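Trainee: A new model is on the screen. Take me through it in short steps.

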Amino acid sequence: MDFARILTERYALSDEGTGLLMHSATLTRHARKEVIIEEGQRDADVCFVAEGSVRTYVMREDKCVIFSFSFEGDPATSTLGTQPQTIETMEPATLVRIPRARMDELFAGNAELADWGRRMAEEQLRRHEDYFADYAWRGKREQYGRMLREYPQLLQRIALKDLAAYLFLTPQSLSRIRAGVK
């Protein structure tokens with residue numbers, strides 16, 4: 001599905017709002033396992049996944065801590081631009097890139113796009129809150145089951161070691177949970 005269609009169907013943007021975004025956008029194609037931005041760098045663009053998938057992570061004490069997975073239509077970078085993290089493709093991907101400065105101009109000049117940007121930022125904050133709430137309070141089996149219900153494509157598109165890292169589990173523990181959930 002092309003990104004303009006995602007904007008109108010998934011985000012209910014008008015043709016005008018979609019046109020303004022797409023006029024400012026460039027498409028970039030990336031190979032599997034390609035680093036888009038490294039931890040500590042600030043991306044001058046806000047990126048969205050048009051095709052493929054990316055993961056967002058940091059390395060801590062030689063361990064990969066995965067914060068999020070992004071698929072078609074999702075922001076691939078933080079719309080808030082606040083957290084230093086690595087963004088890497090998990091499969092061949094096409095990204096839509098819009099300069100942050102241009103996004104700010106679009107948000108300031110168009111109420112529909114400003115509302116859309118606010119909703120995206122809220123969704124990202126909600127995902128991060130859910131992520132840390134899951135880590136702190138939910139049982140890992142429950143968290144894994146919830147993820148499968150909400151994102152059934154995960155097992156087809158994400159390496160099990162990445163899913164284990166996202167859940168703060170060893171691959172062996174995830175395997176035991178998967179055996180019990182099936």
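Mentor: First, a definition: buried is under 20% relative accessible area, exposed is over 50%, and partly exposed lies in between (1.4 Å probe, protein chains only). The model is predicted, so local features need pLDDT of at least 70 and side-chain atom pairs 80 or more, while totals for chains, interfaces and linings use all residues. Numbering starts from 1 along each chain as its sequence is written, and side-chain values use heavy atoms, without hydrogens or water.

Trainee: How many helices and strands does the chain have?
Mentor: Helices (H or I, at least four residues) and strands (E, at least two) are DSSP runs numbered from the N terminus. On that count, the secondary structure comes to 8 helices and 7 strands.

Trainee: What share of the contacts in the chain between residues at least 6 apart joins residues at least 24 apart?
Mentor: Contact is heavy atoms within 4.5 Å. The chain has 182 residues, and 47% of them count as buried. Take the contacts between residues at least 6 apart in sequence: the share joining residues at least 24 apart is 71%.

Trainee: In what order do the strands of the open sheet of 4 strands run?
Mentor: Pairing takes at least two DSSP bridges between two strands. Strand 2 and strand 6 (residues 86–89) have 2, in the antiparallel sense. The whole sheet of 4 strands pairs antiparallel, in the order 2-6-4-5.

Trainee: Why is one side of strand 2 and of strand 5 left without a neighbour in that sheet?
Mentor: Look at strand 2 (35–37) and strand 5 (63–70), which stand at the edges. One side of each has no neighbour in the sheet because each has a single partner strand.

Trainee: Which residue of strand 6 does valine 35 stand opposite?
Mentor: Strand 6 is the antiparallel partner of strand 2. The residue opposite valine 35 is glutamate 88.

Trainee: Is glutamate 88 buried or exposed?
Mentor: Glutamate 88 is found in strand 6. Beyond its neighbours within four places in sequence, glutamate 88 is in contact with residues including Lys33, Val35, Val54 and Tyr57. Its relative accessibility is 7%, so glutamate 88 counts as buried.

Trainee: Which side chain does glutamate 88 join through a polar contact of 2.6 Å?
Mentor: A polar contact is a pair of N or O atoms within 3.5 Å; within protein, one must be able to donate a hydrogen and the other to accept it, and residues adjacent in sequence count only if both atoms are side-chain atoms. Glutamate 88 also touches this residue in the list of its contacts. At 2.6 Å, the partner side chain is that of arginine 55.

Trainee: How many bridges join strand 3 to strand 7?
Mentor: Strand 1 (residues 26–30) pairs antiparallel with strand 7 over 5 bridges, and threonine 26 has arginine 97 as its bridge partner there. Strand 3 (residues 45–51) also runs antiparallel to strand 7. Valine 46 stands opposite isoleucine 98. The bridges joining strand 3 to strand 7 number 6.

Trainee: How many residues of strand 7 are buried?
Mentor: Strand 7 spans residues 93–99 and is mostly covered. Of its 7 residues, the buried ones number 6.

Trainee: What arc do the buried residues of helix 3 cover?
Mentor: The buried residues are Arg100, Met103 and Leu106. They lie on the same side of helix 3, because the arc they cover around the axis, taken from the directions from the helix axis to the C-beta atoms, is only 115°.

Trainee: Which residues are exposed on the other side of helix 3?
Mentor: The exposed residues there are Ala101, Asp104, Ala108 and Gly109. An α-helix has 3.6 residues a turn, so residues three or four places apart point the same way. Again, the exposed residues on that other side are Ala101, Asp104, Ala108 and Gly109.

Trainee: What is the relative accessible area of lysine 33?
Mentor: Lysine 33 sits in the loop between strand 1 and strand 2. Its phi is positive, near 65°, in a residue other than glycine. Lysine 33 is partly exposed, at 39%.

Trainee: And what is the relative accessibility of glutamate 61?
Mentor: Glutamate 61 lies in the loop between strand 4 (54–60) and strand 5. Here too a residue other than glycine has a positive phi, near 50°. Glutamate 61 counts as exposed, at 79%.
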